[in-house]
Amino acid sequence: MSVKTSSGRTREENRKSLRRGRFGDTLVNRAGTVSKQASVLLKNNGRAPNIQQIVKHLLRLLGEDPDRSGLRETPERVAEALTFFTKGYQQDIDQLLNGALFPMEYDEMVIVRDIDFFSLCEHHLLPFFGKCHVGYIPNKRVVGLSKIPRVVDVFSRRLQVQERLTVQIAETLQTKLKPHGVGVVMEAQHLCMMMRGVEKQNTLAVTSEMLGVFRNQQQTRDEFLKLIRSGRSEVR
Ligand SMILES: [Zn+2]
C-alpha cells in the first residue's frame with residue numbers, strides 16, 4: 001500500500017530521502033530540518049566535517065558544481081565561518097564574568113556605547129550588525145568595562161532576533177551585577193531586509209530594553225538616551 005504523507009510523497013519516498021541525508025538516517029525530519037539531536041551532533045563531535053558535507057550538498061542544490069576550482073574549499077571555509085559566527089553557544093557567562101565584578105561605591109551611570117556587534121538572524125541565517133549601547137547604575141559593584149562588549153559578543157554569536165538579543169544582554173547584566181538598573185539600545189542593519197524583500201538599504205532597526213531605574217525613572221532613561229547620542233553627527 002502506498003500512503004501519501006502531507007508532503008504528497010509516499011512513505012517509501014520519504015524514507016529514501018531521509019536515507020540520502022548525509023547526517024544520519026533519523027536526524028533529518030520530513031520537512032528537511034535538522035533535528036535537535038542532529039544539531040547537537042553538529043556542534044560536538046566532528047562538527048566541522050558534517051557542516052562541510054551539508055554545504056557541499058547545498059551548493060549542488062543551488063545548481064553549482066562544488067568540485068569546480070573556485071568552490072572546492074568553500075564548504076570548509078563556510079563550516080569554519082559558521083562555527084565562528086555561532087561560537088556564543090559554547091561560551092559561559094559565569095565563566096566570562098568570573099573575577100571581573102568588583103565592589104565599588106560608585107552610583108553614577110556607567111555607559112559603554114558604540115559596541116560593534118555581528119549576529120545571524122535566525123529566520124534567514126543572514127547577518128545583522130550594528131552598534132550596541134549599554135548603560136547601568138551600579139549598586140555597590142561594577143563589572144570590568146571590557147567585559148560588557150564580551151557579554152554582547154556571547155549573545156550575538158548565536159542565531160538571534162534583535163529583540164531577544166537586546167533583552168538577553170540587559171537581563172544578564174541585571175542578574176549578574178544586580179545594579180539599580182540597566183539600559184540596552186541596539187541599532188542594526190539586517191541583510192535579510194537589505195538584500196531581499198523590501199530592499200531598503202538604509203533602514204536601521206532599533207531595539208531597547210530598560211530595566212530597574214531605567215524603566216521606572218524617566219529622567220534616568222532620558223540621560224542614558226542623551227549620552228548615547230551625544231557627539232553624533234547623524235540624526236538618528
Ligand atoms: Zn532575517
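The protein has 10 helices and 7 strands in its secondary structure. The model is a predicted one. Of the 236 residues in the protein, 24% are buried. Contacts between residues at least 6 apart in sequence were also sorted by separation: 63% of them join residues at least 24 apart.

**Helices H6 and H7**

Helix H6 covers residues 147–156 and helix H7 covers residues 162–177; the two pack with their axes 10 Å apart, at an angle of about 135 degrees. An angle over 145 degrees would count as roughly antiparallel and one of 65 to 115 as roughly perpendicular; H6 and H7 are therefore oblique to each other. The crossing of H6 past H7 is right-handed. On the H6 side, the contact is made by Val-151, Val-152, Phe-155 and Ser-156, and on the H7 side by Leu-165, Gln-168, Ile-169, Thr-172 and Leu-173. Sorted by class, this contact holds 6 nonpolar and 3 polar residues, and no charged ones.

An α-helix has 3.6 residues a turn, so residues three or four places apart point the same way. In H7 the contact residues include Leu-165, Ile-169, Thr-172 and Leu-173.

H7 itself is 16 residues in length, and the distance from its first C-alpha to its last is 23 Å, close to the 22 Å expected at 1.5 Å a residue. Which residues of H7 are buried? They are Gln-162, Leu-165, Thr-166, Gln-168, Ile-169, Ala-170, Leu-173 and Leu-177. Among these buried residues, Leu-165, Gln-168, Ile-169 and Leu-173 also take part in the contact with H6. After H7 comes Lys-178, which has a positive phi near 45 degrees.

**Residues with positive phi**

Most residues other than glycine have a negative phi. Asp-114 has a positive phi although it is not a glycine, and so does Lys-140. The table sets out their values and places.

Technical notes:
Residues are numbered from 1 along each chain as its sequence is written. This is a predicted model: local features need pLDDT of at least 70, side-chain atom pairs count only at pLDDT 80 or more; totals for chains, interfaces and linings use all residues. Axes are lines fitted to C-alpha atoms, for helices over the stretch in contact, and angles run from 0 to 180 degrees between N-to-C directions. Helices (H or I, at least four residues) and strands (E, at least two) are DSSP runs, numbered from the N terminus. Angles under 35 degrees count as roughly parallel, over 145 as roughly antiparallel, 65 to 115 as roughly perpendicular and the rest as oblique. A crossing is left-handed if the near helix is turned anticlockwise from the far one by less than a right angle, and right-handed if clockwise. Two residues are in contact if their C-beta atoms, placed from the backbone, lie within 7 Å. Ala, Val, Leu, Ile, Met, Phe, Trp, Tyr, Cys and Pro count as nonpolar, Asp, Glu, Lys and Arg as charged, and the others, Gly among them, as polar. The expected span of a helix is 1.5 Å times one less than its number of residues. A residue is buried if 20 or more other C-beta atoms lie within 10 Å of its own, exposed if 12 or fewer, and partly exposed in between; C-beta atoms are placed from the backbone.
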